[in-house]
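I opened this model with a few things to look up: strands, rings and chain contacts. My notes are below.

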Amino acid sequence: MIYRIEIQTHHRNELLDITEEVARVIKKSNIKNGTAIIFVPHTTAGITLNENYDPSVRRDISESLARLFPKSGPYSHTEGNADAHIKSAIVGSSRTVFFENGNILFGTWQGIFFCEFDGPRRREVFVKIIPDA
Amino acid sequence: MIYRIEIQTHHRNELLDITEEVARVIKKSNIKNGTAIIFVPHTTAGITLNENYDPSVRRDISESLARLFPKSGPYSHTEGNADAHIKSAIVGSSRTVFFENGNILFGTWQGIFFCEFDGPRRREVFVKIIPDA
Amino acid sequence: MIYRIEIQTHHRNELLDITEEVARVIKKSNIKNGTAIIFVPHTTAGITLNENYDPSVRRDISESLARLFPKSGPYSHTEGNADAHIKSAIVGSSRTVFFENGNILFGTWQGIFFCEFDGPRRREVFVKIIPDA
């Protein structure tokens, strides 16, 4: 009931639309109605839902977070990615969606985004399908 | 098992207490013990738990977020609500609570807040009830 | 199916590693495969996942949040902990992990942190175990 999605990011900071990949996993599960939890097993990345129509939205999210937590700052962690850890802690490592008849119950503009904060890297996302009782 | 709550917000930025509405939905479900996931199908709103005793708390949350992400900023999105998308991405689109004997397992001061970041609008919240096994 | 973990924090702002405590609760449940939701019943604390190898990471998260939302600010709430409420709203009151064969499905560096924003205090965390169908 746990599916793995492989991801390749291309920039240090990037929001990647993984809506299609998650929708495909739900179809593959053959579960009609249930809950899907999307989980990121990384400490310098996150997951969020937001508008996936106008690409400027994901860019604004990414850049606003970068302004708030610049790469170089008064950090103790010496690996040069303290900012990425902080963003990951705030945005969060999982999101939950519902589905009915195999389709995710989204609002009009919603999509699922993998949030890369320390790329480019190969990444992974776990999707757990919990069928309705 | 998915209930819809209709909401009318009255300001651009506003935290609206929806604790009673969610509690009512749990009673209506006739499930005694379980988990409720509260989901916002919008990309310029969010959901959070916080103190619902002193109204100044929700005002401070709303205003602090507005100071961090002002309405006008160096954004690419041209619809005038980039700030709202960013806040939505950070606060998050869902929260989870447990209930026993039909009552939400809250701490003393906890309540559930719909976070409006681009109001006033008519909004919707989905509540999914997952009964204990 | 809901377990309570008691916590004593020692500073006003502090990230406390509770990975072991949560892992122990999962073992105790005797459930092999499932989902664990970790919930904080407090409005001035939060829960997050992040790196638990280098302690400087948790310090950077804690201090970056404190710089963003200083204890004294233009707040309405007069109890001196408005900053803590705001951080709690943003970081969030719950996190979800999956487990298989009794072991949490973490990435290499992931751990679970209780986020204290208004300590030192005695605190509590609820862990709900949802067994796989």
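**Ground rules.** This is a predicted model, where local features need pLDDT of at least 70, side-chain atom pairs count only at pLDDT 80 or more, and totals for chains, interfaces and linings use all residues. Residues are numbered from 1 along each chain as its sequence is written, chains are lettered from A and ligands numbered from 1 in the order in which they are written, and side-chain values use heavy atoms, with hydrogens and water left out.

**Strand β8 of chain B.** I started with strand β8 (residues 122-131) of chain B. Strands here are DSSP runs of E with at least two residues, numbered from the N terminus. Buried means under 20% relative accessible area, with exposed over 50% and partly exposed in between (1.4 Å probe, protein chains only).

Next I looked up its partners, where two strands pair if DSSP finds at least two bridges between them. Strand β1 (residues 2-8) of chain B runs antiparallel to β8(B), with 7 bridges. In β8(B), I see B:K128 opposite B:I2. Strand β3 (residues 34-39) of chain B is also antiparallel to β8(B), joined by 6 bridges. There, B:I38 faces B:V127 of β8(B).

**Rings.** I then asked how many aromatic pairs there are over all chains. The count is 9. The rule pairs rings of Phe, Tyr and Trp (its six-membered ring) if their centres lie within 6.5 Å; planes under 30 degrees apart are stacked, over 60 edge-to-face, and the rest tilted. I picked A:F39 and A:F126: their ring centres are 6.1 Å apart and their planes at 20 degrees, so I log the pair as stacked. The pair links distant parts of the chain, 87 residues apart, with A:F39 in strand β3 (residues 34-39) of chain A and A:F126 in strand β8 (residues 122-131) of chain A. A:F39 has 0% relative accessibility, so it counts as buried. A:F126, at 5%, counts as buried too.

I checked chain C as well: C:F39 and C:F126 are stacked, at 6.1 Å centre to centre and 20 degrees between the planes. Both C:F39 and C:F126 are buried.

Back at A:F126, I noted that ring pairs link A:F39, A:F126 and C:F98 into a cluster. The charged end of A:R4 also sits over the A:F126 ring, 4.5 Å from its centre. My rule for that wants NZ of Lys or CZ of Arg within 6 Å of the ring centre and within 35 degrees of the ring normal. In chain B, B:R4 sits over the ring of B:F126, 4.5 Å from its centre.

**Interfaces.** For chain A with chain B, 30 residues of chain A and 27 residues of chain B are in contact (heavy atoms within 4.5 Å). About 2400 Å² is buried between them, 62% of it from carbon and sulfur atoms; this is the accessible area (1.4 Å probe) that two parts lose on being put together, summed over both.

Which side chains form the salt bridge between chain A and chain B? They are A:D132 and B:K128, at 2.8 Å, N to O.

For chain A with chain C, the contact takes 27 residues from chain A and 30 residues from chain C. C:D132 and A:K128 meet in a salt bridge there, 2.8 Å from N to O.

Methods. Helices (H or I, at least four residues) and strands (E, at least two) are DSSP runs, numbered from the N terminus. A salt bridge is a side-chain nitrogen of Lys or Arg within 4 Å of a carboxyl oxygen of Asp or Glu.
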